[in-house]
Amino acid sequence: MSTPAGTKHTKLGSEDSIRRGPPVEVVRYGPGKRINHWVTAISLILLLLSGLAMFHPSLFFLTELFGGGQMTRWLHPWIGVVLFISFFILFAQLWKLNLPNRDDVKWASRITDVIGGHEENLPELGKYNAGQKFIFWGMAALIIVLIVTGIMAWEQYFGHLTSIPTQRIALLLHSLAAVAIILVFILHVYAAIWTRGTIRAMTRGTVTGGWAWRHHRKWLKDIAGRGRIDPAE
Amino acid sequence: MANTMDSPRTAVSNPPVQPMETNLTQRDLIRRSATSELPQPERQLTPVAKLIDVSKCIGCKACQSACVEWNDTNPAVGENVGVYENPHDLTADMFTLMRFTEWVNPETDNLEWLIRKDGCMHCADPGCLKACPAPGAIVQYSNGIVDFIHDNCIGCGYCVKGCPFNIPRISKADHRAYKCTLCSDRVAVGQGPACAKACPTQAIVFGTKEDMKKHAEGRIADLKSRGYANAGLYDPPGVGGTHVMYVLHHNDKPQIYADLPVDPKISAVVQTWKGATKYAGLAVMSLAAAGTILHGLFAKANRVSKHEEEEAKELVDESVEHAEKREEDA
Amino acid sequence: MTNAWTDIKNTDLVVVMGGNAAEAHPCGFKWVTEAKAHRGAKLIVVDPRYTRTASVSDFYAPIRQGSDIAFLNGVMKYCIDNGRVQWDYMKAFTNASYIVKDGFGYKDGLFTGYNEEKRDYDRSTWDYVIGEDGFAVTDPTLEHPRCVWNLLKEHLAPYTPELVEQVCGTPKDKFLKVAEMISECSTPTKTMTSMYALGWTQHSKGSQNIRAMAMLQLILGNIGVRGGGMNALRGHSNIQGLTDLGLMSHLLTGYLTMPSEKDTDFETYMSTRQFKPLRPGQTSYWQNYRKFMVSFQKAMWGDAATAENGWAFNYLPKLDVPAYDVLRMFELMNNGKVNGYICQGFNPILAFPNRTKVTSSLSKLKFMVTMDPLETETARFWENHGDFNDVDTASIQTEVFQLPSTCFAEEDGSLTNSGRWLQWHWQASSPPGEAKHDSWIVAQIFLRMRALYAKEGGAFPDPILNLSWEYEDENEPTAEELAKEINGRALSDVMDPTDPTKVLVAAGKQVVNFSQLKDDGSTMSGCWIYSGCWNEQGNNMGRRDNHDPDETGAYLGWTFAWPLNRRTLYNRASADINGKPWDPTRKLLEWDGAKWTGYDVPDIAPTAKPQDVGPFIMNQEGVSRLFVRGMMRDGPFPAHMEPFESPVENVFNRKMRGNPVARVFASDAAQLGTSAEFPYAATSYRLTEHFHYWTKHNRVNSALQPEFFVEISEELAAEKNIAHGGWVRVWSKRGSVKAKAVVTKRIRPLICDGKPVHIVGIPLHWGFTGSAKKGFGPNSLAAFVGDANIETPESKAFLVNIEPSTAPKDKEVNV
Ligand SMILES: Nc1nc2c(c(=O)[nH]1)N[C@H]1C(S)=C(S)[C@@H](COP(=O)(O)OP(=O)(O)OC[C@H]3O[C@@H](n4cnc5c(=O)[nH]c(N)nc54)[C@H](O)[C@@H]3O)O[C@H]1N2
Ligand SMILES: Nc1nc2c(c(=O)[nH]1)N[C@H]1C(S)=C(S)[C@@H](COP(=O)(O)OP(=O)(O)OC[C@H]3O[C@@H](n4cnc5c(=O)[nH]c(N)nc54)[C@H](O)[C@@H]3O)O[C@H]1N2
Ligand code: HEM
Ligand code: HEM
Ligand code: SF4
Ligand code: SF4
Ligand code: SF4
Ligand code: SF4
Ligand code: SF4
Ligand SMILES: [Mo]
């Protein structure tokens with residue numbers, strides 16, 4: 001996506017570009033990434049619902065959402081496969097931006113300021129903060145655990161591939177990983193909601209200039225510095 | 001429940017010929033998978049048991065064919081792979097299987113051909129039921145029979161993982177779990193299991209668990225008199241005892257009988273998975289959800305201020321100016 | 001069986017040798033488990049393979065197939081040497097004391113009188129010394145050097161444990177253990193039962209195998225007693241009925257024998273059959289032969305059989321050879337001497353040895369009719385199935401008619417079990433499709449033939465035109481009508497012999513049993529030994545009273561056993577010479593001073609005094625025969641003989657091959673292999689999961705044992721590089737098969753005559769029709785030779801070679 005500095009003809013609405021506004025808007029995700037994200041998100045939500053249906057009897061009623069127990073059991077792993085593929089397409093595009101750096105250490109050490117909303121005490125950040133990166137890597141790792149253990153537990157096709165003691169461990173890990181990913185998911189969603197103005201990054205693809213200034217100033221400065229700015233309307 | 005007939009006492013004596021109402025009903029359940037609050041049954045049926053005397057078994061497979069006929073399953077015609085076990089394993093169409101082991105007794109140097117009828121043990125503490133996520137897919141009656149209710153089964157295969165004896169099999173045709181029912185449908189109307197009925201040598205007998213234990217004592221005494229000093233009854237306490245028991249000539253080494261578990265119990269992994277994980281998992285997930293909701297309701301949201309929007313605008317405008325200047329310079 | 005299945009629960013020792021009771025007779029085997037569980041009985045298995053019977057045995061000893069006589073003679077010698085003989089029984093109830101003619105002897109594996117050219121013995125010296133009184137001479141002290149007992153001891157002398165080990169491959173210590181366990185049953189209070197079947201019969205000296213054990217049982221005092229006996233475990237559910245009803249070419253019904261060419265008229269025929277007693281006061285029941293024979297002829301030809309025409313004796317066919325056994329018939333067929341063949345409930349392509357020869361024989365017929373509920377290989381012998389039936393269809397001109405018939409569950413009738421019980425059964429389901437009862441089919445053939453004879457005459461139409469056919473619907477005689485005919489009835493009033501004014505049986509009434517049969521034409525009976533099965537009391541075969549007073553296992557109210565509802569043959573021998581039971585806890589009969597009382601129907605006249613009449617009333621001697629005189633073609637004592645195809649030489653006569661008097665057709669002799677070419681000793685047998693060649697049509701059985709295999713030892717597999725579960729080719733001089741290899745510890749090489757003998761086990765159930773996997777069977781390999789006395793094929797011992805191989809090729813057949 002990088003455009004050599006000084007190039008004027010930034011494509012309208014392309015990622016990491018600024019629309020002068022008013023109000024100023026920054027394009028955070030192009031449509032491809034957004035579709036990709038929502039496929040991933042919906043998969044995980046369906047997995048969570050279908051998985052939890054089997055996780056505990058009190059949640060078994062959730063199978064009704066999928067057309068009954070048999071359907072739930074059948075669908076869940078397939079959705080898992082969709083999740084896995086979809087997430088790792090996203091992953092391939094984002095992993096570099098999520099590599100940790102020195103600012104992340106500082107950010108993390110001031111976590112109380114993060115929670116308290118005292119952004120002014122935090123270092124200026126690039127496109128992602130340490131929390132997002134944690135979620136990113138956490139999701140990635142857990143999805144790998146889930147797909148591997150999920151396949152081992154997938155009776156219909158792979159029930160004979162591993163021994164039963166192995167499958168027992170797989171299911172234990174799978175449910176632990178599921179719990180973990182659900183926690184990560186909650187964190188992710190809540191962070192998106194709590195940090196007002198974030199959701200639109202994944203719906204419309206843009207954030208306001210102020211949002212970018214407040215949360216990811218380095219990123220904003222960077223694209224501004226590179227002149228990735230659309231002319232005002 | 002005064003008038004209802006209790007379980008049959010034995011498969012050997014002639015069963016009733018007059019029609020009978022089923023004697024195993026929902027109200028006789030003492031456990032039901034994925035069901036926490038099961039009403040206490042009003043009555044306690046006499047615990048039953050099938051006793052398989054391995055020392056009397058001639059491996060004729062009459063039990064296997066009777067089981068197929070009674071349950072109307074349709075096992076495939078396979079191939080020979082160099083052994084007498086056919087099919088080669090339990091399947092969703094074969095609830096019981098004769099397993100043949102050629103064992104040379106190190107003490108006598110004599111060959112012994114150990115033939116064990118494999119199938120569900122009807123554990124008092126059934127791992128399958130413990131693992132099952134679908135309410136009512138596995139039930140346990142107060143007479144000890146552990147039965148699969150196929151209508152409720154979702155085909156997840158957890159029972160396979162929960163069972164310490166590797167018994168249930170998931171059908172490729174309808175994706176439901178199958179195993180020996182202890183002929184619950186026959187027992188319910190006063191008949192013994194089909195396999196016991198077919199067994200020509202009465203290696204399989206059926207009756208109350210108490211009677212079967214007594215019967216086993218006699219058999220064990222006979223075996224001891226024939227030099228099998230370690231003859232004994234296999235009724236493993238690790239699963240709370242079973243309602244299918246074996247008389248073994250070498251009860252000190254159950255593993256020589258085609259890997260019969262020495263001390264079967266529900267695997268610790270399964271216990272953790274179905275125990276701690278569930279409680280802790282549900283707790284942390286609910287806490288996290290509740291925590292975020294509360295935080296969302298009561299804590300201040302992280303908002304972008306007007307001032308910040310302006311700062312951004314300034315930055316952008318500055319950048320634009322810079323750029324334009326540069327262009328001009330160029 | 002001398003005893004009944006249910007009686008086996010009374011035994012102390014079960015010897016399963018020459019059979020595999022648990023696999024071939026699982027339901028009957030229940031009585032062995034009963035004896036073990038409730039009497040503490042022991043079970044010994046002696047078999048080349050460690051079978052499923054062995055798996056529940058107390059002691060197992062291996063034996064090379066075809067060497068049982070050496071083993072049994074060895075046990076007899078052991079018992080005699082160690083004084084383990086039930087002396088009082090042996091002395092009183094056997095011919096041990098009879099003096100044998102001078103000149104009789106045994107040397108180099110042969111008895112006196114051998115004629116190599118004729119392959120037969122001159123048996124004139126094999127007999128008793130007959131005194132001036134016309135009776136056999138005896139020496140009750142057993143001191144006479146030529147008495148049977150001393151000749152027997154002499155005959156057994158070579159059979160030491162060492163010789164047994166050398167011949168049978170049974171390790172000496174194992175043999176001695178078996179001999180010791182058996183010998184313990186010589187006391188009056190311990191009995192042993194012998195359960196055997198094809199492991200003994202399917203040899204060229206099969207009858208002698210059985211004799212050897214029978215003699216051992218007599219020495220131990222185990223015949224006629226509860227829990228004892230010689231118990232032949234019969235095959236098909238009604239195979240006992242087959243022999244009883246004379247479905248063998250040399251027999252009429254009830255073991256009356258077929259006349260030969262020498263029997264030119266009825267009196268000549270009778271003269272060699274009404275045996276006179278050989279000892280004073282003995283019964284010799286065959287003296288009643290005439291009554292049974294005349295009643296039989298009356299049943300066959302009714303009014304056409306008269307005193308004047310010798311009871312229509314000339315209607316009977318006369319044998320020009322000893323028998324038209326199946327081997328001979330196929331030999332004739334193969335020589336183009338047979339035009340048509342009606343094959344009813346038989347699958348010779350799979351059942352008879354040398355499949356190539358059987359196929360070639362069937363190919364030479366003009367027509368063949370099969371009557372079978374199933375699509376058998378025999379009915380389809382002309383169809384090419386690739387390797388599985390590699391025939392050239394175009395070259396076969398035999399016209400085949402397949403007539404679908406019913407099976408037992410689709411008809412009423414009775415089945416006679418091994419214990420001689422005639423058990424009635426009722427139709428359980430109606431015949432499918434076009435299937436018809438065998439009786440309907442046979443009636444149709446008969447009626448059409450009779451019509452043709454009536455119209456066209458012919459060389460000798462009388463036997464067919466006059467055959468009595470008095471059934472309500474001549475198109476289909478019912479089982480009930482046939483059963484009543486077999487029982488017999490009075491044709492005119494039968495008077496009481498003790499009071500000639502009294503009518504014993506009124507004309508038209510059923511006789512109560514064969515004791516009422518007459519030789520004057522006033523009675524008829526289709527099969528005298530079955531008489532009593534359906535008398536005026538009704539259908540006794542349908543009785544189902546399972547009361548068993550004092551739990552003796554007799555069950556006299558359950559169905560009907562021949563003869564006279566007797567459950568244990570020779571039961572008089574259960575008591576000593578004075579009529580006191582040998583073992584009071586196992587009483588069968590007891591002499592109360594005036595008559596015999598007890599749990600069974602006495603074998604001798606109820607008032608016959610114990611000291612007078614011997615228990616073996618079918619013998620002229622009244623006692624049993626340790627020395628069988630000239631009645632068996634291959635010797636009065638059992639002597640070791642090797643199978644025709646043997647991995648080792650006969651230690652008594654290294655040049656002798658097989659049974660020296662067994663019949664071998666020239667073309668078959670040429671097809672006998674040697675151990676140089678075919679080093680491995682094969683045997684064939686059935687598996688409990690299948691019944692012959694028909695349950696492979698059933699999916700459940702097919703699932704339980706899907707595919708043809710052979711069993712070999714781990715040692716042979718290693719030597720030949722054969723993989724467990726891999727394909728092998730097994731071939732003999734007569735054919736070749738492909739099979740999966742079951743490599744097992746249950747078969748071990750035996751050391752015989754100083755060299756290792758490897759055994760190849762070949763089960764017999766597979767073919768090319770049905771729902772199991774297509775396969776082969778042992779009869780593609782087995783030799784076309786039979787027993788010297790009864791022509792049962794030598795299916796249990798032949799030579800093969802084996803090598804690793806690949807899967808056979810099939811060919812799709814579009815019908
Ligand atoms: N399941 C089943 N049962 C059957 C039948 C069937 O097809 N299937 N068929 C029925 C019929 S028709 C018959 S005739 C009977 C036959 O019944 P059995 O005779 O009991 O059966 P087989 O399997 O032919 O042979 C018995 C055993 O003899 C052993 N044997 C072979 N040669 C020798 C020998 O020389 N000496 C000794 N001591 N043992 C030897 C074999 O290893 C085998 O284990 O079974 C009847 N029952
Ligand atoms: N090598 C070797 N060969 C052997 C043996 C062995 O041990 N080794 N055993 C031998 C022995 S003992 C036997 S008995 C034979 C068995 O040989 P067969 O008697 O040829 O074998 P089965 O398959 O029993 O054949 C009987 C046929 O009868 C048909 N049938 C059944 N019920 C009825 C009925 O009511 N009416 C009619 N018309 N048909 C009916 C069945 O469908 C079947 O096709 O094999 C013999 N061959
Ligand atoms: C209702 C559910 C979800 C909502 C509302 C949501 C919302 C968002 C939003 C607003 C962003 C943009 C944040 C930003 O750019 O700063 C985002 C980013 C992202 N989301 Fe989600 N999301 C949801 C579910 C998921 C799920 C289930 C996954 C993965 C399994 C996921 C993975 C990601 C990733 C990888 C990013 C990019 C952040 C990064 O690379 O660090 N999201 N999400
Ligand atoms: C990534 C690919 C995944 C695969 C292949 C997979 C597969 C499976 C399988 C096979 C089962 C057993 C039930 C069945 O057969 O349907 C299962 C159960 C479960 N899955 Fe997944 N799954 C995946 C992802 C997930 C995710 C992302 C979650 C959580 C959000 C999840 C949560 C669960 C839960 C809670 C259970 C029930 C476990 C229990 O009962 O203890 N799974 N999964
Ligand atoms: S497969 Fe087993 S564990 Fe799963 S629902 Fe069915 S019975 Fe229960
Ligand atoms: S043996 Fe297995 S399937 Fe049977 S009751 Fe026990 S745990 Fe359940
Ligand atoms: S009890 Fe019934 S279901 Fe179980 S093995 Fe026996 S016949 Fe089969
Ligand atoms: S029916 Fe009885 S004897 Fe036969 S295999 Fe089954 S348990 Fe063993
Ligand atoms: S034929 Fe059937 S009933 Fe008879 S012994 Fe064999 S298995 Fe049992
Ligand atoms: Mo037979």
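1. A salt bridge here is a side-chain nitrogen of Lys or Arg within 4 Å of a carboxyl oxygen of Asp or Glu. Glu184(C) and Lys190(C) form one, with their closest N and O atoms 3.4 Å apart. Glu184(C) is partly exposed at 31% relative accessible area, and Lys190(C) is partly exposed at 32%. (Buried means under 20% relative accessible area, exposed over 50%, partly exposed in between, with a 1.4 Å probe and protein chains only.)

2. A word on the basis of this note. The model is predicted: local features need pLDDT of at least 70, side-chain atom pairs count only at pLDDT 80 or more, and totals for chains, interfaces and linings use all residues. Residues are numbered from 1 along each chain as its sequence is written, chains are lettered from A and ligands numbered from 1 in the order in which they are written, and side-chain values use heavy atoms, leaving out hydrogens and water.

3. How many salt bridges are there over all chains? The count is 75. One of them joins Glu15(A) to Lys127(A), with the closest N and O atoms 3.5 Å apart. Glu15(A) lies in the segment before strand S1 (17-19) of chain A, and Lys127(A) in the loop between helix H4 (111-116) and helix H5 (130-153) of chain A, so the pair ties together parts 112 residues apart in sequence. (Helices, H or I with at least four residues, and strands, E with at least two, are DSSP runs numbered from the N terminus.) Glu15(A) is buried at 7% relative accessible area. Lys127(A) is buried too, at 6%.

4. Chain C has another pair to check. Arg654(C) bridges to Glu649(C), the closest N and O atoms being 3.0 Å apart. Arg654(C) is partly exposed at 41%, and Glu649(C) is partly exposed at 42%. Elsewhere, shared partners join Asp53(B), Arg219(B), Asp222(B), Arg226(B), Lys36(C) and Asp58(C) into one network of salt bridges.

5. Next, the iron of ligand 3. His37(A) and His188(A) coordinate this atom, each through NE2, at 1.9 to 2.0 Å. (Donors are N, O and S atoms within 2.8 Å of the metal, or 3.2 Å for Na, K and Ca; water is not among the atoms, so sites may look incomplete.) Six donor atoms subtend angles of 86 to 179°, so the arrangement is octahedral. (Six donors count as octahedral if opposite donors are over 155 degrees apart and all others between 65 and 115.) His37(A) sits in helix H1 (residues 31-55) and His188(A) in helix H7 (residues 164-194) of chain A, 151 residues apart. His37(A) is buried at 14%, whereas His188(A) is partly exposed at 32%.

6. Which residues coordinate the iron atom of ligand 4? They are His76(A) and His174(A), both through NE2, at 2.0 Å. The six donor atoms subtend angles of 83 to 179°, which makes this arrangement octahedral. His76(A) is in helix H2 (residues 69-94) and His174(A) in helix H7 of chain A, 98 residues apart. Both histidines are buried.

7. Finally, a sheet in chain C. Strands S13, S14 and S21 form an open, antiparallel sheet in that order. (Two strands pair if DSSP finds at least two bridges between them.) The edge strands, S13 (413-416) and S21 (560-561), each pair on one side only. S13(C) and S14(C) (residues 421-425) pair over four bridges. Leu415(C) has Gln423(C) in S14(C) as its bridge partner.

How values were computed. Tetrahedral: all angles 85-135°; square planar, octahedral: opposite > 155°, others 65-115°.
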